[in-house]
Amino acid sequence: MALDTIVDLKNVSVFQGDHLVLSDVNIHINKGDFVYLIGKTGSGKSSLLKTLYGELPVKQGEGNVGEFDLTKLKRKQVPFLRRNLGIVFQDFELLTDRNVNDNLLFVLRATGWKNKIEMAARMQEVLDKVGLGTKGYKMPHELSGGEQQRVAVARALLNDPDLILADEPTGNLDPNTTEEILNLLYEISKNGRAVLMATHDYVHMKKFSSHIIRCADSSVQTEEVRQGAI
Amino acid sequence: MAASPDKYARKRARSSAISTVIGISLVLFMLGILSVLVLNARKLSDTVKENIQIQVFLDEDVKEADVIRLKKEIDAETFTRSTTYVSKEEAAKQLTEDLGEDFISFLGYNPLQAAIDLRLNADYAHPDSIENIVEGIENREAVAEVVYSPNLIKQINQNVNKIGLVLLGFSALLLLIAIALINNTIRLTIYSKRFIIRSMQLVGATRGFIQRPFIFAGIMQGLYASFIAILLILGVLYAVRMEIPEFFEFTDILMFVKLFGLVALLGIIISGLSTLFAVRRYLRMDARKIY
């Protein structure tokens, strides 16, 4: 596997339980890539992302994410795989029983941060990036859908991951905020990281892209795409 | 305005924690009261057994020195709790008092024998061992006859055994109920947090890291609950003592240490283990089964 390869799937079949969702998936993502994942609802976008973060097992084919072999992934390794990823979940997956700061703090502590000052600084940094610098004390249910989504993005950035998986991260955002978040993700990808983003937002897609992965009819096609950045 | 829903959520979380603690403490209270009964039943039976009297009648012409020697010998035995020497004259005096009539002047002589009243340690107050003890004493010098009531001893033993068995069965049953109830209460609490546990897993927290605060909270819950239970038990014991002072002694500190240690230990173990199992259930659960 090449040094700057982050995701490499070869002939992978994705199952939800016994049900085959996608077959013969071949995906290759390098550092610096900004990849869109498109397809109708129910076409298997989320399942593909779940495979990448170890929620669904790889039973057929070969798959690597970073240094982890998905076919040999043990339950105990899953947390460590996820630490190398920044994941923005479709339904946010915020901890509803604590405020935004404590949500971020949980992730930092769970991933081994110890120094309180460093943690506070890092939390403020990512919140500022998503434009929520003053809302750290709020409970998730006090935030709008768009704000919750931005918290989820902020949380994905905390550990400066090699790969950001985003499941419709702009689904609840207005056009202006969408653009801000996309700019943010694009910058991250240009700094030697990779972003894989499932989306329906064809308008913004034209602006930033390296290539597009399309899910349809339980298979996956990769399309190299045209114009580069802004 | 912004603070009020926050406050409400916290209040709700706290009230559910409080009702869990109260639930656990009531169960522990029941267990504690039963333990008091068990501990006291043993003491009560011991008291009854230790009051069983065995009379060792002495030979008519026994010398004072021999009596003292015999009493010392019996005192030195492990089965002996206490001995009292009752001389001929004392026995006569006692009987005169009991009858209210001076029978010696009526008879012209004292027909009573000098005796040593022997009381046994509770552990030896069993029909078989009493038979051995009696035989041993009867074969000694200066002993004329040993008198005791085997039927009474048998009956006492049988009743004590029966009561003990019933109490033991009852305790076992109550312990099972306690574990089931506490387990259920805690599972409900954890169930309400299953999505949070799942989110924690999704952001890369290890199982141990997720479990730790839950288990700590479970143990603390057990501690609080046993504290409340101990206060309740003390209240009940105090009330009982007002009514029946001889039921037990407040000065028996060892019993209380044992009792409260037991209650606290049970509370912590049951609450902590239930939490562990409940959290593990959701940590292992397939995402699609969580709903």
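Predicted model: local features only at pLDDT ≥ 70, side-chain atom pairs only at ≥ 80, totals over all residues.
Residues are numbered from 1 along each chain as its sequence is written, and chains are lettered from A and ligands numbered from 1 in the order in which they are written.

Chain A has 7 helices and 10 strands (DSSP runs numbered from the N terminus: H or I of at least four residues for helices, E of at least two for strands). Its C-alpha trace spans about 45 × 40 × 35 Å along the principal axes. The radius of gyration of chain A, 17 Å, agrees with the value near 17 Å for a compact globule of 230 residues (taken over C-alpha atoms; the rule is 2.2 Å times the number of residues to the power 0.38). Of these 230 residues, 41% count as buried, that is, 20 or more other C-beta atoms, placed from the backbone, lie within 10 Å of the residue's own.

Chain B is assigned domain 1 (3–47 + 156–289) and domain 2 (53–147), with bounds from an automatic or database assignment. The centres of the two domains, over C-alpha atoms, are 52 Å apart. An unreviewed UniProt entry annotates residues 52–146 of chain B as "domain: FtsX extracellular"; such annotations may be inferred rather than shown by experiment. That stretch is 44% helix and 24% strand, and its end C-alpha atoms lie 13 Å apart.

The contact involves 18 residues of chain A and 15 of chain B (C-beta atoms, placed from the backbone, within 7 Å). On the side of chain B, helix H1 (3–50) and helix H7 (194–202) are the elements giving two or more residues.

Definitions and conventions:
Buried ≥ 20, exposed ≤ 12 C-beta atoms within 10 Å, placed from the backbone. Contact = placed C-beta atoms within 7 Å.
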